[in-house]
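The following exercises are to be worked through with the structure in view. Each task is followed by its solution in steps.

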Amino acid sequence: MIRFENVSKQFDDGTVAVKSLNLNIHKGEFFVLVGPSGSGKTTTLKMINRLIGISDGTILINDKKISDYDIHELRWNIGYVLQQIALFPHMTIQENIAIVPEMKKWNKEKIASRVDGLLEMVRLDPKTYKHRKPSELSGGQQQRIGVVRALAADPEILLMDEPFSALDPISREKLQDDLLKLQKSIKKTIVFVTHDMQEALKLGDRICIMKDGEIVQVGTPNDLVHHPVNDFVKKFLGRTE
Ligand code: ADP
């Protein structure tokens, strides 16, 4: 569904963030990019929705080059969740969730029922929460809203950049569990960035380990744990032998 063909990114200051990346992300899979800080994960993610331009190579979504998509069509079809909770503080939860559906000109009834359905999906009672402002919710609750807002207009793809790393460990674990449950019912294609191998192993159907802008290994959690390709992977997994 998402294909990288020899994709490279060099920033204007000469930094090469990603080198000749080849990657196939399948429809409906939970795909995790993991690696140390500066390994090129965020750059890889942001190239998918054209927040960062590609220097060389091609990215295709459903066999169509991303450069051939209308930028609005592309962005509406790709939900995006960031580490920093990016809800609009002056808007209610309902208004925050409804942003993209409104841009897509869904009718009011459809939007209202979508908002209620999404809140129920993340176990937040719509009656209690939809008229609140973000500041009246906890960090974990706000990030749940961040996730459902990204899903509001039913995108095919969900990009998540360290979405839970600002949360305390307990909220973080809860959100990971929620996201896994949610994924079982919605079956989106998720590309998830983290520097935390334990998080990657817990969430990913497949995991791509990156280092210095290159792929070290792609595989299922089982592949990585039982057949690490080199010492870097072993070390990253916390194995010493
Ligand atoms: P990660 O997400 O794995 O931490 P990034 O994709 O953010 O890695 O960064 C990869 C490399 O590209 C790093 O060396 C980083 O400093 C560099 N980089 C990221 N954004 C820019 C930018 N806008 N300009 C120049 N260099 C950048």
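**Exercise 1: Valine 16**

Valine 16 is placed in strand E2 (residues 16-25); helices (H or I, at least four residues) and strands (E, at least two) are DSSP runs, numbered from the N terminus. Residues are numbered from 1 along each chain as its sequence is written. The model is predicted: local features need pLDDT of at least 70, side-chain atom pairs count only at pLDDT 80 or more, and totals for chains, interfaces and linings use all residues.

Task: determine how exposed valine 16 is and which residues it contacts.

Solution. Step one is the burial rule: a residue is buried if 20 or more other C-beta atoms lie within 10 Å of its own, exposed if 12 or fewer, and partly exposed in between, with C-beta atoms placed from the backbone. Valine 16 has 15 other C-beta atoms within 10 Å and is therefore partly exposed. Step two concerns contacts, which require C-beta atoms, placed from the backbone, within 7 Å. Apart from neighbours within four places in sequence, valine 16 touches Gln10 and Gly213.

**Exercise 2: The sheet that holds E2**

Task: state the strand order of the four-stranded sheet and identify its edges.

Solution. Two strands pair if DSSP finds at least two bridges between them. The order in this open sheet is E2-E1-E4-E5, and the pairing is antiparallel. E2 and E5 each have a single partner strand, so one side of each is left without a neighbour in the sheet. Between E4 and E5 there are two bridges, and leucine 60 stands opposite lysine 65 in E5.

**Exercise 3: The six-stranded sheet**

Task: describe the strand order of the sheet and the helix H1 that packs on it.

Solution. The open sheet runs E6-E7-E8-E3-E9-E10, with mixed pairing. Its edge strands are E6 (78-81) and E10 (214-219), each pairing on one side only. From one strand to the next the twist averages 15 degrees. Helix H1 (residues 41-48) packs on this sheet, touching E3, E6, E7 (157-161), E8 (189-194) and E9, and its direction makes about 150 degrees with that of E8; axes are lines fitted to C-alpha atoms, for helices over the stretch in contact, and angles run from 0 to 180 degrees between N-to-C directions. Within the sheet, E3 (residues 30-34) and E9 (residues 206-211) run parallel and are joined by four bridges. Phenylalanine 31 has arginine 206 of E9 as its bridge partner.

**Exercise 4: Helix H7**

Solution. Helix H7 (residues 139-151) has 13 residues.

Terms used
Two residues are in contact if their C-beta atoms, placed from the backbone, lie within 7 Å. The expected span of a helix is 1.5 Å times one less than its number of residues.
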